[in-house]
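Biologist: I would like to learn how to read a fold from its contacts. Could you walk me through one?

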Amino acid sequence: MATILSGREYDSTDTSYEAFVVTKTIVENIIDYAENSKPYVTTNPKLDITDSQFLTGDGVSNPTYLLSAFRHIIDDQKSGSLKAYTSCPVQLGLDANDDKLKKLRSEISTSNAEFRSYLSAHTSEHIKNFPLLVAEDTDRDNLTKLINHYLDTLTNTNIDFADTSNSNVFTVGLYKYQYSESTHEFGLINETACLKKTSVNTTQGTNYYFYMDASDVDTKDIPQFTLMDVQFKDPSDPAKVAYHLYVPVYVKKVLRYNFNAHIKSGTDYYWSAYDQVGERRTQGLFENLGNPVTAALEWEYTRSKTEWIDAINGGDSLLTNYYKSLMLKSHIGSEWPTDTTIVLVDANNNDKMYYLDTLPTVTGTATTFSFYDFTDSSGKHFKPVDLNDLMTVTVRQDDMGTLTSEGANAGNATLKIGSTYYRPLTASELEASNPAFDTSKRYKVDSVDIGPERYYLSIFTKANDGNNVYHYEMYSPESFDDSHGMTGWRANKINDNYNTILHLYTGKLYENDLDLNVESLKSGDQKMSKDNYYLKIRMTANVRLTDTAKDPTNNINGNMSSFTRYSGIYQTFLMMYDKKETAGGSSVLGIDREAGNPLVERWSYYKGGTVASGQLGNVDLSVDSGATAITGTEKKITDQYVELRNNQNLIGLLADNSNGNAVTIQTYFEMAYSESELGYQFPKKGNDESDIGSLVIGYSKIASTKEGAAYSATSKKADDNKRYYTADDTTAKLTYNVVESPENDPVGPFSSLGINAAEIDSDPAESSVDTVAVYDVSKLKTVGDYITLTFSLSKRSNYNTKLQIAEYLTGVTIYGKDGADEGTDDDVIFPRPDTSVIPAADLSTSNDSYTYSVTVNKNLLQTNSDGRYVIPIKFNVKTGNSLFKNEADGGLQYSNYKVTVSAVMCSAVDGTGSLNVSNDDDHIIYTNARVLTSVIE
C-alpha cells in the first residue's frame with residue numbers, strides 16, 4: 001500500500017521525504033465521531049486551531065498561503081522536477097491556467113480574516129489562525145470545480161470528490177463545527193453542514209455536485225465552519241481508512257460586484273459622457289498638468305433578482321451599504337503635483353460634492369484611498385446611500401411572508417418602500433402556533449430591480465514650469481470592510497476578472513511650438529476693402545514628448561505604446577482677433593459674429609518627426625513632402641474663436657521613438673468677408689492711428705480628448721504683427737430721449753421720468769410719457785429703403801430680461817410724419833392703421849407681448865436733415881398700490897424700468913435684407929415709485 005505524504009505518493013528511494021510510523025497521538029485530533037473514533041493514519045503537517053485542538057494534513061499546513069503545502073505543490077508541479085506528478089488537467093500546477101489558479105487563490109482565506117468581527121470583540125478567546133477554503137458561489141458547477149481543483153492538486157489525483165459512487169476508494173464527510181465560549185473549543189454540531197452534496201440524474205448519467213444554500217451559511221455571530229474529511233480507503237480493506245485529508249471550509253453569503261470605470265479628460269458629470277465604462281479592464285490616460293481629469297466609477301452588484309428577493313425575505317438589510325474606496329499606487333515617486341485638488345461627486349445622491357482636506361498617501365505599494373476621508377461643504381464625512389436607494393422593491397401580502405410593516409418606525413427595519421419601513425418577523429411571530437400575530441400583516445418581497453452605484457472622481461492640477469511626470473494606478477479593492485460604523489455589513493467580494501485598473505499619466509508629458517503666417521488677398525496691404533476682402537492663414541505646430549517623459553526611468557512613451565488603441569492625444573488650432581477700435585484703447589478678443597461666417601477651410605496635413613529650433617516657419621507640408629492629408633476635420637466658429645479641429649489621434653506617433661516622439665501638423669484656411677461685413681471685424685483707421693485694427697492670434701492646444709483640446713491648459717500662442725483695418729465709417733447712431741416739459745414746469749424739464757403714485761389720486765392710475773428717437777444714418781454709404789424699429793421693456797433687477805409690456809404700459813404709440821392730411825397730427829404707424837391709410841407695401845407691424853416691432857418705408861418718417869429720422873413715441877405708465885406691491889404677494893414692483901428702442905435699415909417691408917452696420921439702440925429709464933414727500937419734508 002502506498003502512503004500519501006504531502007500530496008505525493010511515497011517513494012522509498014526519494015530521500016527528500018521523512019516517513020513516520022504513527023503509533024499514537026499525544027493530543028487528539030479534532031475529529032472524533034462514530035466512523036472515525038480515532039484516526040487510522042494521518043500525515044504531517046499538524047496545525048493548532050485552538051489552544052487544545054489541532055488538525056493534520058496538507059489542507060491545514062499553514063495559514064499563510066506562501067508557506068502552505070498547496071503553494072509548494074503548485075511550485076513543484078510547475079517546475080517539472082518531480083516525476084511523480086502526472087499530467088492531470090485538473091491539477092492547477094500542471095494546468096498552466098493562471099485564471100483558474102487566481103480564482104482558487106482568491107478563495108483561500110484564514111480564520112483571522114473570516115472571524116475578524118468576533119475576534120475583535122473577544123480578544124481573550126483562544127481561536128488560532130488556520131486556513132479556510134471559502135465556498136461562496138451559489139452556482140454548483142463552479143463550486144464543485146473549485147473544490148475538486150483544490151483537492152486534486154493536494155492529492156495528485158484526478159477524482160471528482162463529489163461523486164458518491166466510489167465509496168470503496170474514498171468518501172467525503174461534511175461536518176458542522178461551532179466554537180464554544182465556555183470550553184474554548186470547536187464542537188461538532190448535530191446539524192447538516194453548510195457545504196452539501198447532491199446528485200442529479202440525466203440522460204447521460206448521474207452528475208454529482210458540492211453546493212451551498214444562500215440561506216444556510218457559516219456566517220454567524222459565533223465562529224463556525226464546515227469540516228471536510230476526505231477519507232481514502234485501505235485498498236486491502238475498504239472498511240478501513242488509510243488517510244484523512246482535512247479541509248476546513250467556510251461557507252458564506254457574499255455580495256458580489258463588478259467594478260467598471262472610465263477615466264478621461266474634463267469634468268463631465270453625466271454618465272453618457274463615459275462610453276467606455278465596463279468596456280476595458282485596463283485603461284490609460286495621458287494628460288498634462290492644468291487639465292482636470294475625471295474617473296467615472298461604477299460598482300455593479302451582480303446578485304440576481306431571485307437572489308435579492310430570497311435575501312431580503314431571509315432578513316438581509318438594504319438599509320446599509322459599504323464605504324467605498326480605491327486602491328491607489330504611484331509608479332513614479334511618492335507625491336502629488338503641487339496644488340492638486342480631488343473632488344468626489346456622488347451620482348447616487350443628486351451629484352452631491354465632497355472634498356479632501358489632505359491628499360491620500362501615494363507610494364510604490366498600493367494603499368487604500370477611502371471615500372470616508374472626503375467631507376461635504378459642512379464638514380460631514382462622506383457616507384454612501386443605502387442599497388435601498390439603488391433599488392426599486394415591491395412587496396405583497398402573503399400569509400407565509402417573512403416581513404411585516406412598521407410604518408414610519410425605522411427601528412429594526414431592513415427595507416423601506418416610500419415612507420414605509422419593513423422588518424423581518426421574529427421567530428415567535430413566524431410560529432404557526434402563534435395566533436396573536438395577524439397573518440394579514442405578513443409580507444413577501446415580490447420584485448426587485450437594482451441599479452449600479454456610481455461616482456465621479458475629479459482630479460484638478462495646476463500647470464507649472466516644472467518638468468516632473470507622474471504615474472498613478474487606481475482600482476477597486478477585492479472587498480470592502482466594515483469600518484466607520486456602517487451597520488448591517490455583509491461579506492462582499494469583487495468578481496474575478498471584473499476589476500478595472502485605471503492608469504493616470506500626468507505632469508509635463510508633451511509640449512508644442514507654433515508658427516503663424518498671415519497674409520491678406522493683396523499681399524502686404526493691411527487695409528481691407530472689396531478688393532482685399534480675405535486673409536490667408538497658415539498655422540504649423542510641432543507636438544512632442546518632453547525629455548522627462550522620454551526618460552527610460554519614467555517610460556511614458558513605452559506606456560503610450562501599450563495604450564495606443566484606446567487612449568488618445570489630440571491637437572487643435574484656435575484662431576481669434578485682437579480688435580482695437582480706438583488709438584490707445586483696450587482690445588476685444590474674439591470673433592465678431594455680425595460679420596457672418598467667414599471661415600473657409602482649405603487643407604490640413606501631418607507628418608511624424610522633429611523640427612529644428614526656429615525652422616517651423618519654413619515647413620511646408622504636402623503629400624509630395626511625405627506628409628499625410630488629414631480627412632474628417634471639423635471646423636467651429638464662435639464669438640470667442642475659430643477652431644480647426646483635425647481629430648487626428650497623435651498618441652501612436654508620439655510613442656514612436658523612430659520619429660523622435662514628435663509630429664508636425666499644418667493647416668491652411670481663409671477668413672473671407674463681404675464688403676458690407678468688413679466693417680464689423682476690421683475697425684476704421686485714420687492716417688495717424690497706428691494701433692487701430694484687428695490682429696490675428698493663433699493657438700495650438702493639446703489634450704487627451706479631441707473635444708477637450710480647445711479648453712486645454714497645454715497651449716502655445718503666436719501673434720501676427722500686423723493689424724488689419726477699414727477706411728470707411730460704417731456706423732449709424734440712434735439716440736432716444738424723453739420730450740422736455742415746458743420751461744415753467746415746477747418739477748423740472750424731465751418730470752415725466754419720475755412717477756410718484758402717492759401724488760396721484762386714483763388707484764390704479766396711469767402717467768403719460770412722451771419720448772422721441774432720432775436715427776442718424778447720414779454717414780452710411782449704403783442705406784436701405786425701410787427702417788425697422790423695436791420697442792421693449794425691462795426692470796432694474798435684470799435689465800437683460802424683457803418684461804411683458806402690457807402689464808406695465810398702455811397706449812404705446814409710434815408716429816411717422818403727417819400724411820396727405822397735412823396740418824393734422826402726425827400719422828400713427830404703430831399700432832398699425834388701416835391699410836387704406838398706409839398700404840401694406842409701406843408698413844408692417846408685429847408684437848409678441850415682449851417686443852413691439854414696426855418696419856416702415858423711410859419716406860413715411862419725419863426728418864430734420866438728410867439721413868436723420870425723428871420718431872415720436874408715446875406711452876402711459878401704470879402705477880398705484882393696487883398693482884404695485886411685493887412680488888411675493890403676486891403683485892408688480894416699484895422700481896426703475898428701462899425702455900429700449902432699436903433701429904436697423906433693411907431692404908424689404910418684412911424686415912429682410914437688414915444692413916448690419918446700421919444697427920443701433922438706445923434707452924431711457926423711468927422710476928415708478930411711491931414717495932411720501934411729507935415725510936421727507
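Modeller: Gladly! Let us start with a term: two residues are in contact when heavy atoms lie within 4.5 Å. Keep in mind that this model is predicted.

Biologist: What share of contacts between residues at least 6 apart in sequence join residues at least 24 apart?

Modeller: In this chain that share is 72%. The secondary structure behind it consists of 13 helices and 52 strands.

Biologist: How many of the residues count as buried?

Modeller: Of 937 residues, 48% do. The accessible surface is about 43,700 Å², with 45% belonging to carbon and sulfur atoms.

Biologist: And how should I read a nonpolar core?

Modeller: Here is the general idea: in soluble globular proteins, nonpolar side chains tend to be buried together. In this chain, the largest nonpolar core has 91 residues, and those touching the most other members include Ile537, Met575 and Phe791. Strand 30 (residues 534-545) supplies the largest share of this core, 6 residues. Another core, of 51 residues, lies apart from it and has Ala295 and Phe480 among its members.

Biologist: Which residues does Phe791 touch?

Modeller: Leaving out residues up to four places away in sequence, its contacts include Tyr736, Leu809, Tyr852, Phe875 and Val901.

Biologist: How do helix 1 and helix 6 cross?

Modeller: Angles of 65 to 115 degrees count as roughly perpendicular. The axes of helix 1 (residues 69-79) and helix 6 (residues 140-155) cross at roughly 70° and come within 9 Å, so the two helices are roughly perpendicular to each other. Phe70, Ile73, Ile74 and Gln77 of helix 1 meet Tyr150, Thr153 and Leu154 of helix 6. By class, that contact has 5 nonpolar, 2 polar and no charged residues.

Conventions
Residues numbered from 1 in each chain as written. Predicted model: local features only at pLDDT ≥ 70, side-chain atom pairs only at ≥ 80, totals over all residues. Heavy atoms only, no water. Axes fitted to C-alpha atoms, helices over the stretch in contact; angles between N-to-C directions. Helix = DSSP H or I, 4+ residues; strand = E, 2+ residues; numbered from the N terminus. Parallel < 35°, antiparallel > 145°, perpendicular 65-115°, else oblique. Nonpolar A, V, L, I, M, F, W, Y, C, P; charged D, E, K, R; others polar. Buried < 20%, exposed > 50% of the residue type's maximum accessible area, 1.4 Å probe, protein only. Areas by Shrake-Rupley, 256 points an atom, 1.4 Å probe, with all protein chains shown as cover. Core = buried A, V, L, I, M, F, W, Y, C linked by side-chain atoms within 4.5 Å.
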